[in-house]
Amino acid sequence: MTREEALAAITKALTETVGSVDGDVTEDTDLVADGMLDSLDSMTFLFELENGLGAKLEAIDETYEDFRVGALVDIVVQATA
Amino acid sequence: MASHTLEVGLRGTRNYVQGSQILARTAEIVAREHPGAVLVTAKFTRITLLGVELVLGDGEAPSGGEEIGRGQFDTGDGRLQARWFEVPGPEAPRIDDVPGSTSGLAPDGRGGGRADFAIAGTFESYLAAVIECVKALHAGRAERVSDIWFTALVGARLPVTPTYPTAGSLAVGLKIERMVEGRLQTLSVVETAGDGAPPAYQICFSCVIGD
């Protein structure tokens, strides 16, 4: 999966989670710090992302805290390589 | 906008009003005008031991209390937003506990598992069985697990009318877990077997593991 495809998958999971997204989601977006997700939403987001990818993201364990989109893109690209 | 004071209480020895009570009383109110409605999402951001006010649609709670959660129903004609507010004032009344409704709990060793249930077939009895099952699975995960709270339902299609199976089984699959500010948050998928069972959905819990 390319970075663009990974970004699209992340945006789709975000939309599935919160319904609609105000503004553009870029690799510089921080989904938690920018107020798009709270801690409860973040679990739903990860579930939707893994469902959409059809793969478990092993790099995201129970202590994972980095919800910068660029970091998530790295993980998705690596997991789907 | 319509607001309603919900008839909820502190059940048994609990020091909080159960989310299942709040959802059940809300479902009863929604069912009066929309008997075909289904609960789609619900999210509680905090617990309360005070009274609870429901606001359907837009607008602030007349009591001016703090919001404790929100949810959405699909009425068939669109989405109906529900928000729940704490009512400033005395604690909710103490009410009797109810017996458990699940049996044969079988953890799968991965944070999920299954159990059988026998219930009245109402929204509240079904939700109580699901929460009882998931709570028991969480409690069995470690030696010291406390404060196990139901926090959210996502992607659900739970009818507000009593169309649930009176007997069946629940399969709970743990999908996501995160440690946030000292609490373990989990997301599991619940699959229900039985006549008239609702489709699978996600349920979230929060608990403390260890001292």
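Which residues does Arg3(A) touch, not counting residues up to four places away in sequence? Select Arg3(A) together with Val73(A) and Val77(A), the residues that Arg3(A) touches under that exclusion; two residues are in contact if their C-beta atoms, placed from the backbone, lie within 7 Å.

This is a predicted model, in which local features need pLDDT of at least 70 and side-chain atom pairs count only at pLDDT 80 or more, while totals for chains, interfaces and linings use all residues. Residues are numbered from 1 along each chain as its sequence is written, and chains are lettered from A and ligands numbered from 1 in the order in which they are written.

**First stop: chain A**

Arg3(A) belongs to helix α1, residues 3-18 of chain A. Helices (H or I, at least four residues) and strands (E, at least two) are DSSP runs, numbered from the N terminus. Arg3(A) is partly exposed because 13 other C-beta atoms lie within 10 Å; the class lies between buried (20 or more other C-beta atoms within 10 Å, placed from the backbone) and exposed (12 or fewer). Next, display Gly70(A): its C-alpha lies 9.0 Å from that of Arg3(A), although 67 residues separate the two in sequence.

**Second stop: β9 of chain B**

Select β9(B), whose covered face consists of Gly113(B), Ala115(B) and Phe117(B). Its uncovered face carries Arg114(B), Asp116(B) and Ala118(B). In a regular strand the side chains alternate between the two faces of the sheet.

Ala106(B) stands opposite Arg114(B). The two strands form a hairpin with 5 residues between them, and Gly109(B) in the turn has a positive phi of about 80 degrees.

Move to the loop between β9 (113-118) and α2 (123-139) of chain B, where Thr122(B) is located. Thr122(B) counts as partly exposed because it has 18 C-beta neighbours inside 10 Å. Its contacts, not counting residues up to four places away in sequence, are Pro162(B) and Tyr164(B).

**Last stop: the interface**

Select the 14 residues of chain B that are in contact with 9 residues of chain A. Of this side of chain B, β12(B) provides the largest share, 6 residues.

Terms used. Two strands pair if DSSP finds at least two bridges between them.
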